[in-house]
Amino acid sequence: MANDDTHSLINRLRNKESQAAREIFDRYVHRLLALVKARISSKLQPRFDAEDIVQSTYRSFFLRTAEGEFRTDESADLWRLLAQIAINKLHRQVEFHSAKKRDVSKGTSDESYAIDIASLAPSSAETVAMVELVQLGLNSLQHNEAIALSKTLAGESVEEIASALGKSQRTIRRLLQHAEQKFVARLQATPDRARCVASTLVDDALLQLRFDDFTLKQLVGRGGMGKVYRAIDKCTGEVVAIKALHKSRQVDARAVESFANEAILIQDFHHPNIVSIRGLGKFPGGGLFLAMQFVDGGDLESRLTAMPLSISAALRFFEQVVSAVAFAHKRGVLHCDLKPANILLTRQNDAVVADFGFARRLGPIDSAKLNSVGGTEGYIAPEIVNGNPPSIAADVYSLGAILRRLVSGQMVALDVDASTRDVARSIKSLAERCASPDPTNRLATASLLESEVASLRSSVEAG
């Protein structure tokens, strides 16, 4: 890039012209990503997110330029400057993680940076992170801005977009300009709010785990709240699950509190049908992670969607789930979000209750926190929907709804078979007593339900 072009861009950026920031970002982002990925060894790749390092590079550059630290005569080669910032950040992260020494500062010539981007396939974690960043940006846009930008990214021209939206080309250019400004503003956001939220709500004494003690191997799942990775505990060699909040949730105090809640409430639980929690830790960037038992047999909802269960298998799973819930209740903890999707299955075909993020301790609840109570349509008790606090009765309702879901595919067949008609009647009655709209008509405790299920299952297997 010519020196006068560089000087002009730097001066426009110092004058807070967002278009200059956008031009700098667009011009170098792909080269920076390729550079950082190429400098991360295969052993270190699971630990680092190249996209995060590039974002941090731009953030530092924009801030330091606005503060007048970079003078135009020192920035004749803007690419070299950005590349050096990125390399320095990567080097500091490697040192922070106490990884094997690797000279990441060598080779600052343009030739050493001429990397074939197409040959550098991103890891699954990097891909998810980049898609997530784009989605966060799209979510911050108004409806027409998001449509215009999406169509532009798909390769449509301004003329084609204007025709599709029934607007003038001038309007489309203005929408695109607003969208670009919002993306740049997101990149220039400086407060590390995720770190602040985690530090405020979670006592450091609870952060018992070090990220350095784990090696991330593979992204295995993602949902509305976070992502789950298969990882290796370096000390024991054991396979574990590392659960992390989405970046969009890390700045949400309620989400952070709910995330930490799972470890705080059940870390000391030891039950074969409750997911075991190792504890909480903090990523180098400040976000929280949770290390837990790795259960690789899918979840009960997926199993039911794929094929119906036999009555015997359904009751076996249900008995294990009820046993887990009864155990939690005896130790003063309500689950508050029981459903098949939150019940994991092991390779040994056992059910494991997970996702205690919305769990609560038995007893009075702060009225200010009632609006953060969890639950899923079809499984949440009606009194919770009406604003009442969680209770044992609410968990029993969810268990009744799960029982109906487990046997829904078999009940018609059982009803027309004389030899199993009594079984069908008993199962239906039990589900109705658990999932009664009136809490006072439900079975009083999960322990009572556990006893009835055991008896019912015995009669089914004996028959």
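A residue is called buried when its relative accessible area is under 20%, exposed when the value is over 50%, and partly exposed in between, as found with a 1.4 Å probe on protein chains only. By that rule Thr 57 is buried, because its relative accessible area is 0%.

The structure is a predicted model, in which local features need pLDDT of at least 70 and side-chain atom pairs count only at pLDDT 80 or more, while totals for chains, interfaces and linings use all residues. Residues are numbered from 1 along each chain as its sequence is written, and side-chain values use heavy atoms, with hydrogens and water left out.

**The chain as a whole**

The chain has 17 helices and ten strands, where helices (H or I, at least four residues) and strands (E, at least two) are DSSP runs numbered from the N terminus. Of its 463 residues, 44% are buried. Contact here means heavy atoms within 4.5 Å, and among the contacts in the chain with a separation of 6 or more, 66% are between residues 24 or more positions apart.

**Thr 57 and helix 3**

Thr 57 lies in helix 3, which covers residues 50–66. Its side chain reaches the backbone oxygen of Ile 53 at 2.8 Å. Leaving aside neighbours within four places in sequence, Thr 57 is in contact with Leu 32, Leu 82, Ile 85, Ala 86 and Lys 89.

A nonpolar core is a set of buried Ala, Val, Leu, Ile, Met, Phe, Trp, Tyr and Cys residues joined through side-chain atoms within 4.5 Å. The largest one holds 63 residues, of which Phe 318, Leu 399, Leu 406 and Leu 449 touch the most other members. Helix 12 gives the most to this core, with twelve residues. Beyond its neighbours within four places in sequence, Phe 318 is in contact with Leu 399, Ile 402, Leu 403, Leu 406, Leu 449 and Val 453. A second, separate core of 28 residues includes Trp 79, Ile 85, Ile 87 and Leu 90.

| Pairing | Sense and bridges | Bridge partners |
|---|---|---|
| Strand 5 and strand 6 | antiparallel, five bridges | Lys 282 and Leu 288 |

Five of the six residues of strand 6 (residues 288–293) are buried, so this strand is largely enclosed by the rest of the structure.

Lys 243 is found in strand 4, residues 239–245, and is buried, with a relative accessible area of 13%. The side chain of Lys 243 makes a polar contact with that of Asp 355 at 3.1 Å; such a contact is a pair of N or O atoms within 3.5 Å, where within protein one must be able to donate a hydrogen and the other to accept it, and residues adjacent in sequence count only if both atoms are side-chain atoms. Not counting residues up to four places away in sequence, Lys 243 touches several residues, including Phe 259, Glu 262, Leu 288 and Met 292.

**Cysteines**

A search of the whole structure finds zero disulfides, a disulfide being a pair of cysteine sulfur atoms within 2.5 Å. Cys 235 is exposed, with a relative accessible area of 65%, whereas Cys 336 counts as buried at 11%.

How values were computed
Two strands pair if DSSP finds at least two bridges between them.
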